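Take a look at the structure below and turn it around a few times. Then we'll walk through its parts together.

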Amino acid sequence: MIKVEGATQIYRLQTIFDEANFVIERGERIAVVGRNGAGKTTLLHALAGFTRLKKGTITIDGKRVYHPGAWNNKLSYLPEKFQLYAQLSVEENVQYFADTLRLPKEVVKQSLTHTNMWDHRTKRMTQLSKGMLQRVGLSIALIGEPEWIILDEPTSGLDPFGRKEFLRLLEQIDSERQTLLFTTHHFDEVKQLATHVLYLRDRTVSKMNSVDFLHQFEGSMSICGNG
Ligand SMILES: Nc1ncnc2c1ncn2[C@@H]1O[C@H](COP(=O)(O)OP(=O)(O)OP(=O)(O)O)[C@@H](O)[C@H]1O
């Protein structure tokens, strides 16, 4: 369980979120939503331990998250923009990450098969479409079967076909053992994938059931207020 208590983040004089309190249970699929600049990435960075909160605490199964090491390799994080080795093939790039985690070779094939990238394993990064690139990113995020998976705008820049395919892959994530957090600006993705929503607005973070969130959104345009 991730427990966030009194979480406050301030950059220079700008408060991004203030006194956020919520709990994330294992197996939940959380869509992190809010307007551009609302603080979604900032929140994810704090959860992953990349940045320290100004105030408050984040714990994972009772252990304080101060830095990424607190996750003990149980968390994977795919940033919105990521860089891979252009001169390496798809398989070599994924293998590189598997090696750093000291995982056996089989996990590379397993992960690339899961994301429908095994047949493209010999291609170089420069030969990939945006959709394929995102699927390589997902392959890397999935190696080692992390218990917690954070994806920052994973479908950003994908066409509707690519988005649909990517969402189908995310639907296959094992909700018995894996918990997913992803940011999105698309409410159809919330509908299709999320059990819950973390909604950032006016420096607050509200956790709600995705059905309630969508109901609120459909019933009122107030959701489009200031980020
Ligand atoms: N390292 C930083 N230093 C100072 N300000 C920052 C830093 N990182 C983010 N910010 C500011 O914090 C605010 C929230 O940014 P963040 O990227 O978290 O928003 P977001 O909701 O993820 O936006 P988007 O939907 O556009 O990706 C923005 O005003 C941004 O300029």
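In the hairpin of strand 9 and strand 10, which residue takes a positive phi? That's Asp202, with a phi near 50°, and the hairpin has two residues between its strands. Keep in mind that this is a predicted model.

| Strands | Sense | Bridges | A bridge pair |
|---|---|---|---|
| Strand 3 (residues 29-33) and strand 8 (residues 179-183) | parallel | four bridges | Arg29 and Leu180 |
| Strand 3 (residues 29-33) and strand 9 (residues 196-201) | parallel | four bridges | Val32 and Leu198 |
| Strand 9 (residues 196-201) and strand 10 (residues 204-209) | antiparallel | six bridges | Arg201 and Thr204 |

Strand 9, in turn, runs antiparallel to strand 10. How many of the six residues of strand 9 are buried? Five of them are, so strand 9 is largely enclosed by the rest of the structure.

**The ligand and helix 1**

Now find the ligand. Around it sit Tyr11, Ile16, Gly34, Asn36, Gly37, Ala38, Gly39, Lys40, Thr41 and Thr42. Sorted by class, this shell has three nonpolar, six polar and one charged residues. Which element gives the largest share of the shell? It's helix 1 (residues 40-48), with three residues.

Helix 1 has a buried set too: Lys40, Leu43, Leu44, Ala46, Leu47 and Ala48. Lys40 turns up in both lists, around the ligand and among the buried residues of helix 1. There's a handy rule for reading a list like that: an α-helix has 3.6 residues a turn, so residues three or four places apart point the same way. After helix 1 comes Gly49, which has a positive phi near 90°.

**Two crossing helices**

Last stop: a pair of helices. In general, two packed helices are described by the angle between their axes and the distance between the axes. For helix 2 (residues 90-100) and helix 3 (residues 106-114), the axes come within 9 Å and cross at roughly 125°. The two helices are therefore oblique to each other. As for handedness, helix 2 passes helix 3 in a right-handed crossing.

Definitions and conventions
Residues numbered from 1 in each chain as written. Predicted model: local features only at pLDDT ≥ 70, side-chain atom pairs only at ≥ 80, totals over all residues. Near = placed C-beta within 6 Å. Nonpolar A, V, L, I, M, F, W, Y, C, P; charged D, E, K, R; others polar. Buried ≥ 20, exposed ≤ 12 C-beta atoms within 10 Å, placed from the backbone. Pairing = 2+ DSSP bridges. Axes fitted to C-alpha atoms, helices over the stretch in contact; angles between N-to-C directions. Parallel < 35°, antiparallel > 145°, perpendicular 65-115°, else oblique. Left-handed = near helix turned anticlockwise from the far one by under 90°.
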